[in-house]
Structures are given as structure tokens and as C-alpha cells.
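Notebook open, structure loaded. I'm jotting down what I look up as I go.

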Amino acid sequence: MKDLTTSMRIRAWLLFFVIALVISGVTAFPLVAETQLLARALHAVPAPDALVGWVDRVHAGLAVTGRDHPFIAYGTDWLAFAHLVIAAAFWGPWRDPIRNVWVIEWGMICCAGVIPLALIAGHIRDLPFWWQVIDMSFGVFGVIPLLVIRRLIRRLEAETATA
């Protein structure tokens, strides 16, 4: 019964992680509408001026680009698709976590890669450092469920070996 409990916990964490990937992917499609909504919300509540100014700037850039050069958004369409494909990769650990633990470890490597990408590309693209920190947090917080899943898979492996 302990084996079943560990398997269920692995699947629960995997489900959480996959849902988070899918949500972050799907939200890359309607960026103009999302930034407009966020800008309106920030103007309606007390918010730091730097944040309000940045969101207004991002929204204006996306709106103008979408109007004048809509093909540029094709890049974020591929970003969204990549999130969905990455989420699909976690089907392997869902089916056989022990054999596919490498997918979890690959995901952990990807999370680590978020940090240098945010720092390098953020600097090149002139993003405020505080925004780069927000972007890096996706890698930091993303690795947490993967670390839990990996630990649970190792436990399941030990339980299976002793059974």
C-alpha cells in the first residue's frame, strides 16, 4: 500500500507541474489582452510607479507591434507551443516514473537554465533587473515540485526494490 501512496503523490505533483506549464503556455497567446487587463488593474489600485510604468510600456509595445507587425507574435506562439510540448514530455514519468526519472532531471536542468537566460537576455533586451528576478523565479519555483517528484521517485524505486 505504501508503494501506491508514493505513486499517487508522484502523480499529484506531476499533475500540478503539468497544469502550471500548460497555463503558462496558454497565457503566452493573448499577451495584448492580458497586458491591457493588467495595466487597467494596476492603475486601479495602489501599485509601485516602476511596475505601472513598465506594464504600460510593455502593453504599448505589444499593441503597436500587434497592429503594425502581427507576424512578430508568431514567436510567442512558438513559446506557448514549447510549453505545451514540454508539458507533454511529463507523460513518461506519469506512466513509469522510475524508468523516466531522467525527464524530471531534464526539467530541473531547464529550470536552472532560466536563470542565466533571464540575466543575459534581460540585460541585452534592456529589461529592468527586478523583472529579470521575476522571470528567474519561474526557474526557482519550478524546480521545487521537480525536486519533490525526484525524491518521491527515488523512494518508489527503493520501495519497489525491497518488495
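I started with Trp54, which is buried at a relative accessible area of 11%. For the record, buried means under 20% relative accessible area, exposed over 50%, and partly exposed in between, with a 1.4 Å probe and protein chains only. Trp54 sits in helix α3. My helices are DSSP runs of H or I with at least four residues, strands are E runs of at least two, and both are numbered from the N terminus.

Before going on, I noted that this is a predicted model, where local features need pLDDT of at least 70 and side-chain atom pairs count only at pLDDT 80 or more, while totals for chains, interfaces and linings use all residues. Residues are numbered from 1 along each chain as its sequence is written, and side-chain values use heavy atoms, with hydrogens and water left out.

**Around Trp54.** What does Trp54 touch, leaving aside its neighbours within four places in sequence? I get Asp126, Leu127, Pro128, Trp130 and Trp131, with contact meaning heavy atoms within 4.5 Å. I also checked Ile144: it is 90 residues from Trp54 in sequence and 29 Å away in space, C-alpha to C-alpha.

**Asp126.** This contact of Trp54 is found in the loop between α6 and α7. Asp126 has a positive phi of about 65°, although it is not a glycine. Buried or exposed? Asp126 counts as exposed, at 55% relative accessibility.

**α6 against α7.** Two packed helices are described by the angle between their axes and the distance between the axes. The axes of α6 and helix α7 (residues 129-162) come within 9 Å and cross at roughly 170°. I take axes as lines fitted to C-alpha atoms, for helices over the stretch in contact, with angles running from 0 to 180 degrees between N-to-C directions. The two helices are therefore roughly antiparallel to each other. On this scale, under 35 degrees is roughly parallel, over 145 roughly antiparallel, 65 to 115 roughly perpendicular, and the rest oblique. By class, the α6 contact with α7 has 16 nonpolar, six polar and four charged residues. Ala, Val, Leu, Ile, Met, Phe, Trp, Tyr, Cys and Pro count as nonpolar, Asp, Glu, Lys and Arg as charged, and the others, Gly among them, as polar.

**Two isoleucines in α6.** Ile115 lies in helix α6 and is partly exposed, with a relative accessible area of 31%. Not counting residues up to four places away in sequence, Ile115 touches Met136 and Val140. Ile109 also lies in α6, which spans residues 101-124, and is exposed at 62%.

**α2 against α3.** Back to the helix that holds Trp54. Helix α2 (residues 31-44) and helix α3 (residues 49-68) pack at about 150°, with axes 9 Å apart. That makes α2 roughly antiparallel to α3. On the α2 side the contact includes Leu31, Val32 and Thr35, and on the α3 side Leu51, Val52 and Val55 are among the residues. I count the classes as 11 nonpolar, four polar and one charged.
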